[in-house]
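My notes follow in the order in which I took them.

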Amino acid sequence: MTPPILRIATRKSALALWQAEHVAAELRATHPGLTVELVPMSTRGDEILDKSLATIGGKGLFLKELEVAMQEGRADLAVHSLKDVPSELEPGFALPAVLPRADAADAFISNDYADLAALPHGARVGTSSLRRQAQLRALRPDLTLLDLRGNVGTRLGKLDAGHYDAILLACAGLERLGLADRIRGRLDAPDWLPAPGQAAIAIEARSDQPAVLQWLAALDDAHTRLAVTAERAMNQALGGSCTVPVGAWCVVTERGLHLSGMVGDVASGRLLRAEAAAGSDEAEALGLRVAKALFDQGAAQFLGH
C-alpha cells in the first residue's frame, strides 16, 4: 500500500533543493499516486561559513538537523550528496537508495585561464576540500591555495568578484544547476581522484521504518551502489573524513570492480596511491584491500593514526 505522503528533509541551497526535487520526481514516477513534499531546513554546515569544515566538525554537520527531523517524525527521508555522508551512519539510520551517478570529475573554473597548467606562478585557487588541495599541491606547488566556503552561487560570485584566479567545484553540481558552461576543464580519474561517493545522490531514512525503506529501495542503482560501497569501505578503513585528504574511484565492469585510492598531504603535496581489482561480490573487501595497501605505504602519517 502506498503512503499518502512522504516528506523529504533537505538543505535549502539551490543544489540540495534540486537533488531533493529530483528524488521527489523519481518517487512519484515509481510509485504513482504518491504525494511527496519537501521540508527545507538550515544546517550548521550551511550557517558557519567563516571556518573550514575540517575545524568545525566535518561534513556530518550537513546531516544532523535532517536526521533530527526524521527522528522527531517531521520528515520521512533525507536527500544528500553522498560525498557529504560520513562513512559510518548514526545508529538508527540507513541508506536504502543511491541514485545513478552523474559526472564524478572535479571542475576547473576560471574567467581568465584555460586550465590548471595555464595559471601563472602564485595564482590564487579557491577550494575548501583538503583532497583537492593535496592534489593541487602535488601538481602545482607554486599555487596559493585559499579556503572557499558557501553554496555554488556564492563560490562563483567570489570568483567573479576577483577574489580568486580559479576555483574547483564538482562537475555534477554545476551540471545539475544548469551551469555547465562555467566548466573550463575537467579533472578526472585516474590521474585526479574524486571524493568517495562524489556525484551520487543518497537517500537516508530511519532503519525502523520498513515500509518507507521498501519504497525508497526502488530507486537504488545497483552499479552505483557497488562502486560507492567499495569507495566508502576504503574511506572508513582509513578513518577518512573532510579532515583527511582521501580520494577514491571505483569502476564497475563486466569483469568486476577496479578501485583506485589516494591519500595526500596538503603541506607537502605528497600523494600515496594504490589500486586493486575484485569480483562484484567483494566491494567492501576491495575497499579494505586498497586501504591496507595505502597503510603499507605509510598513509598513517597523513591520517593522524
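**Entry 1: a helix on a sheet.** I began with helix 4 (residues 64–71), which lies across strand 1, strand 2, strand 3, strand 4 and strand 10 and runs at about 40 degrees to strand 10. I took helices (H or I, at least four residues) and strands (E, at least two) as DSSP runs, numbered from the N terminus. Contact means heavy atoms within 4.5 Å. Axes are lines fitted to C-alpha atoms, for helices over the stretch in contact, and angles run from 0 to 180 degrees between N-to-C directions.

**Entry 2: conventions.** This is a predicted model, in which local features need pLDDT of at least 70 and side-chain atom pairs count only at pLDDT 80 or more, while totals for chains, interfaces and linings use all residues. Residues are numbered from 1 along each chain as its sequence is written, and side-chain values use heavy atoms, with hydrogens and water left out.

Entry 3: In what order do the strands of the open sheet 2-1-3-10-4 pair, and in which sense? I went through the partners. Five strands form this open sheet, and the pairing is mixed. Strand 2 (36–41) and strand 4 are at the edges with a single partner strand each, so one side of each has no neighbour in the sheet. The twist averages 30 degrees from one strand to the next. I counted two strands as paired if DSSP finds at least two bridges between them. Strand 1 and strand 3 are parallel, over two bridges, and I8 stands opposite L77 in strand 3. Strand 4 and strand 10 (residues 201–206) run antiparallel and are joined by four bridges; here V98 stands opposite A202.

**Entry 4: burial of strand 4.** I then checked accessibility, with buried meaning under 20% relative accessible area, exposed over 50%, and partly exposed in between (1.4 Å probe, protein chains only). In strand 4 (residues 93–98), five of the six residues are buried, so the strand is largely enclosed by the rest of the structure.

**Entry 5: S13.** Where is S13 found? I located S13 in the loop between strand 1 (6–11) and helix 1 (14–30). S13 is buried, with a relative accessible area of 15%. Its side chain reaches the backbone nitrogen of A16 at 3.1 Å.

**Entry 6: helix 8.** Which residues of helix 8 (residues 210–217) are buried? I found V212, L213, W215 and L216. They cover an arc of only 165 degrees around the axis, which puts them on the same side of helix 8; the arc is that of the directions from the helix axis to the C-beta atoms. P210 and Q214 are exposed on the other side. The cover over the buried residues includes strand 1, helix 1, strand 3 (77–81), strand 4 and strand 10.

Entry 7: I listed a sheet of five strands in the order 7-6-8-5-9, open and with mixed pairing. Its edge strands are strand 7 (144–146) and strand 9 (185–187), each pairing on one side only. Strand 5 (residues 106–109) and strand 9 run antiparallel over three bridges, and D106 stands opposite L187. Helix 5 (residues 130–139) lies across strand 5, strand 6 (124–126), strand 7 and strand 8 (166–170), at about 130 degrees to strand 8. Helix 6 (residues 152–160) lies across strand 5 and strand 8, at about 165 degrees to strand 8.

**Entry 8: two hairpins.** I followed strand 11 (residues 246–253) into strand 12, an antiparallel pair with eight bridges. They form a hairpin with two residues between them, and C250 stands opposite L259. Strand 12 and strand 13 (residues 271–278) are also antiparallel, over eight bridges, with L272 as the bridge partner of V263. This hairpin has six residues between its strands, and G269 in the turn has a positive phi of about 75 degrees. Eight of the nine residues of strand 12 (residues 256–264) are buried, so strand 12 is largely enclosed by the rest of the structure.

**Entry 9: helix 9.** I compared length with expectation, the expected span being 1.5 Å times one less than the number of residues. The 17 residues of helix 9 (residues 222–238) should span 24 Å, and the end C-alpha atoms are 25 Å apart, which agrees. Its buried residues include T224, A227 and L238. The buried residues of helix 9 pack against strand 4, strand 11, strand 12, helix 10 (283–296) and helix 11 (300–303). Just after helix 9, G239 takes a positive phi of about 75 degrees.

Note on methods:
Polar contact = N/O pair within 3.5 Å; in protein donor to acceptor, adjacent residues only side chain to side chain.
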